[in-house]
2 protein chains.
Amino acid sequence: MSASSSPNPKFTQLLDRLTEINDIKAAISLLYWDQATYMPPGGAQARGRQMATLRRLAHEKFTDPVLGQLLEDLRTEAANLPYPSLEASLIRVTRRDYDRAVRVPSTLMAQISQHQSAAYNAWAKAREAESFAIVQPYLQTTLELSQEYADCFPGYEHIADPLIDQQDEGMTVGTVRSLFEPLRQQLVPMVEAITACTPLNDSYLYQNFSPKEQLKFSLGVIHCLGYDLKRGRQDKTLHPFMTKFSIDDVRITTRVYEHHLEQALFSTIHEAGHALYEQGINSELEGTPLAGGASSGLHESQARLWENMIGRSRGFWEWFYPRLQGVFMRQLGQVTTQQFYQAINKVTPSLIRTDADEVTYNLHIMIRFDLELAMLEGKLAISDLPEAWNERYRKDLGVIPTTDVEGVLQDVHWYIGLIGGMFQSYTLGNLIAAQIYDTVVHFDPEIPFEIERGSVKRLLEWLQQNIYQHGRKFTTQELIEQVTGSSLTIDPFLHYIRHKYEYLYQCKL
Amino acid sequence: MSASSSPNPKFTQLLDRLTEINDIKAAISLLYWDQATYMPPGGAQARGRQMATLRRLAHEKFTDPVLGQLLEDLRTEAANLPYPSLEASLIRVTRRDYDRAVRVPSTLMAQISQHQSAAYNAWAKAREAESFAIVQPYLQTTLELSQEYADCFPGYEHIADPLIDQQDEGMTVGTVRSLFEPLRQQLVPMVEAITACTPLNDSYLYQNFSPKEQLKFSLGVIHCLGYDLKRGRQDKTLHPFMTKFSIDDVRITTRVYEHHLEQALFSTIHEAGHALYEQGINSELEGTPLAGGASSGLHESQARLWENMIGRSRGFWEWFYPRLQGVFMRQLGQVTTQQFYQAINKVTPSLIRTDADEVTYNLHIMIRFDLELAMLEGKLAISDLPEAWNERYRKDLGVIPTTDVEGVLQDVHWYIGLIGGMFQSYTLGNLIAAQIYDTVVHFDPEIPFEIERGSVKRLLEWLQQNIYQHGRKFTTQELIEQVTGSSLTIDPFLHYIRHKYEYLYQCKL
């Protein structure tokens, strides 16, 4: 490795500082994981303070001018090293992170961190009381803080651009819109066409399934997919997530519903998709800022690829379904593979994003994306948000929330984050997943047949080799072009959806 | 509260700095708790690094000269405030901690931290291989680091004094010896006398007890003792411990053996005793260095008081035993309360400290204490340690280890800490527990009768009022004198043991 052959002491200093910050961040992640899994209720208040303290510390350490000077001093060195080398990548990526971080004053960061705790608590109360009014003033502050945050990055074309860039580096409102608009134009009539067809029967999924057995089977599935349980574990939580404390400790959480088979199963595969990405990062990146996913969108693409393109495919269940039947003989013994495949792919315009199928899902995202932009632009007042939300659902999906819990209060994102940049990654993820899988199958047409025989070995190796191992060395755009040979387009996704659902619904889309 | 009436900005600055350090330490505790409960094996390496990073950070922050200057500036102020006030106590206790911390160079701290990880791993391997030789070089380094650490505090009378003071402030080899020597002189013949009696029958405890039911019952017991599960929780681990992340998040861990009823039950009560102390600290001390136990010895005294003086008393089981029988009818239905009481108090000179009864336990401790001193004094070479260990066991307890796992490798202490100061707290705890409980019962003679009726309310309130709420405001010596009216003596403990075991063994001790 070139790091050892040219041990520039400044590089070592940089690395030491970054490892320290990485370790503080790992502790923050653990404080969060524990809060969401095992923490007794009494711990909440001090936990909020502890996380805020460590966040401030990490931000202080990272925006230390000495670190900026080290990056400056290493500029020439980095330019002379091969682009994908550890050193050049580390310096390049850290510089981008640093330039972004130093623009935001510590006071604003602290304000945001404090406000988010309050907003989250208000959101929980508002959901219980089914009352948007409870969060309205908090959301107003969130909006103002989001605008203030964006204004730390002058020169943007759209005020949401810096917020989007934070999650999906290199993307802007312009580039996202150029993908989302044509996508919506195609999806809305597709959903209408499917809705006009005979609905698929998914009643088999709503029987009584032992939660313990569900969790056990799900864990068995992701073990088969390559999730390494010696370097990870699964715990129960309210809102499933993946988190990591090091490349060798990547954890997922899930929830399980006794009367709905899909929840635990697919949220487990989804989070395992995120985890496979993190577990697949080259161990030489451990402890550095390069040990992570390239962007929220690319991360989401791997969750979606495993959950939907693999986990909801006919071939996948060819092998796994008899095993699932073995666990739930009484409930599924007489349900065929094809019937099960149809059930888990039923399309229904619905109110809740997290329950949405592959076809309608992106419409949920675009509603949120557009509303975020309107709020940031000052064209939509917070007080008018519930109304605007419901109207868009009526228009795009033909359904109307009866309470705000089914509407604007359903997602936690605006209450634990900022307004802007919070949702586009989901749809970008779907698009990226389709484009990558298209390439994979083109490159190795044996892969789908291997999956039918119960093995994803070749697929996982391909993804590790071409994407996972690199961590953050390359940007999402670079990776997509390297891997697929073109920039991101909506075509593979639309082709995938059309092909799959024409077959499922036996109709022309 | 006086803090708000006289908001000296320097005091606020001090408090802010201390809260930050407290929060870093809470994160370290969580990193440790997770490592001992849920962490997948792959996480070990990075976890070691993360804990070392945060420890270094906490030490750096605490030894910052700015903090020292604040303490200096607040010296006069503290002197003019009432001794037990929050401000005066905080300044006083922090100054003692600070003066101690700044004496130890960061480089030595880092060296110790790194070495401890290596030594711990070597210990685990040595136990597996049943070979002391594997840890011998590590223990040699530990000894040298311990001596180096002690030498940061010149002017000591005995080289172990600074190490003892670290755990049990105010105690020295001299004061400990003045308690331990007469204690040993009385205990050795007592053990001999008991060994000559007809042994008690404890075979009832070695049946098949469902681990799940054991854990459930144990948790029920400590709930009745006042352990607040909204502000705590219990998890399984290899070596039980108590840890806290805030006053409102105090956790315990336990282990359970299917064929030995005592383990889970009494280790749970023991750790709950530690936890009751921490949960009982006044909430205004949260986040400050005052929110903790006064010393290791006092902390241990509360674990021992609840585990032994209450948990192994006849009165306690008067109420709890029928409930335990209800859970294990098949195993205990025909065993009387008195038979059970005898079983859980059987005295047997044995090889393993953690399995020892109340009478022999302190002999195990004194062996370790004396060996620590001999090593530090240079009178006992590490290579001769196993031999010396075995010889002392033969002499004091009449038993000889057949392997080092039963001998010198049994305790983790020297492999995760230093040599010196690691063991005296256990016996001090037993002595303090007896002296305090003696006072409590003298003060409120109704308490034992309340316990027979299944309530510890008055006992817990008394302890909270007189000890727990103060946290570290007073030293252990101050508390013992305030509470019992005299300094620590061995008499109450000897009286307790003699009285209890004369009755149990029906012989003169």
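**Interfaces and side-chain pairs in a predicted two-chain model**

Student: In this predicted model, how many residues of chain B are in contact with chain A?

Tutor: The model is predicted, and totals for interfaces use all residues. Counted in this way, the contact involves 39 residues of chain A, and the number that chain B brings to it is 39.

Student: How much area is buried between chain B and chain A, and what percentage of it do carbon and sulfur atoms give?

Tutor: The size of an interface is often given as the accessible area lost when the parts come together. For chain B and chain A this buried area is about 2,800 Å², and the part of it given by carbon and sulfur atoms is 58%.

Student: Which element supplies the largest share of the side of chain B that touches chain A?

Tutor: The interface of chain B and chain A also holds 18 residue pairs in polar contact, with both residues at pLDDT 80 or more. On the side of chain B that touches chain A, at least two residues each come from α2 (9-37), α3 (44-62), β2 (242-246) and β3 (249-254) of chain B. The largest share amounts to 11 residues, and the element that supplies it is α2(B). By class, the residues on this side of chain B are 15 nonpolar, nine polar and 15 charged, so the name asked for is α2(B).

Student: How far apart are the centres of domain 1 and domain 2 of chain A?

Tutor: Chain A is divided into domain 1, covering residues 2-102, and domain 2, covering residues 173-505. Their contact takes 23 residues from domain 1 of chain A and 21 residues from domain 2 of chain A. Taken over C-alpha atoms, the centres of domain 1 and domain 2 of chain A are separated by 29 Å.

Student: Which residue forms a salt bridge with Asp97(A)?

Tutor: Domain 1 and domain 2 of chain A bury about 1,800 Å² between them, with 61% of it on carbon and sulfur atoms. Across this interface of the two domains of chain A the rule finds one salt bridge. Asp97(A) forms a salt bridge in which the closest N and O atoms are 3.0 Å apart, and the partner is Arg472(A).

Student: Are the rings of Phe316(B) and Phe320(B) stacked or edge-to-face?

Tutor: A search of the whole structure finds 51 aromatic pairs over all chains. Phe316(B) and Phe320(B) both lie in helix α14 (residues 314-327) of chain B, four residues apart, about one turn of the helix. Because their ring centres are 4.4 Å apart and their planes lie at 25 degrees, the pair is stacked.

Student: How many residues apart are Glu262(A) and Arg312(A)?

Tutor: The count over all chains comes to 82 salt bridges. Glu262(A) forms a salt bridge with Arg312(A), and the closest N and O atoms are 2.7 Å apart. Glu262(A) lies in helix α12 (residues 261-279) of chain A and Arg312(A) in the loop between α13 (296-310) and α14 (314-327) of chain A, so that the pair links distant parts of the chain, the separation being 50 residues.

Technical notes:
Residues are numbered from 1 along each chain as its sequence is written. Chains are lettered from A and ligands numbered from 1 in the order in which they are written. This is a predicted model: local features need pLDDT of at least 70, side-chain atom pairs count only at pLDDT 80 or more; totals for chains, interfaces and linings use all residues. Side-chain values use heavy atoms; hydrogens and water are left out. Contact means heavy atoms within 4.5 Å. Buried area is the accessible area (1.4 Å probe) that two parts lose on being put together, summed over both. A polar contact is a pair of N or O atoms within 3.5 Å; within protein, one must be able to donate a hydrogen and the other to accept it, and residues adjacent in sequence count only if both atoms are side-chain atoms. Ala, Val, Leu, Ile, Met, Phe, Trp, Tyr, Cys and Pro count as nonpolar, Asp, Glu, Lys and Arg as charged, and the others, Gly among them, as polar. Domain bounds come from an automatic or database domain assignment. A salt bridge is a side-chain nitrogen of Lys or Arg within 4 Å of a carboxyl oxygen of Asp or Glu. Rings of Phe, Tyr and Trp (its six-membered ring) pair if their centres lie within 6.5 Å; planes under 30 degrees apart count as stacked, over 60 as edge-to-face and the rest as tilted.
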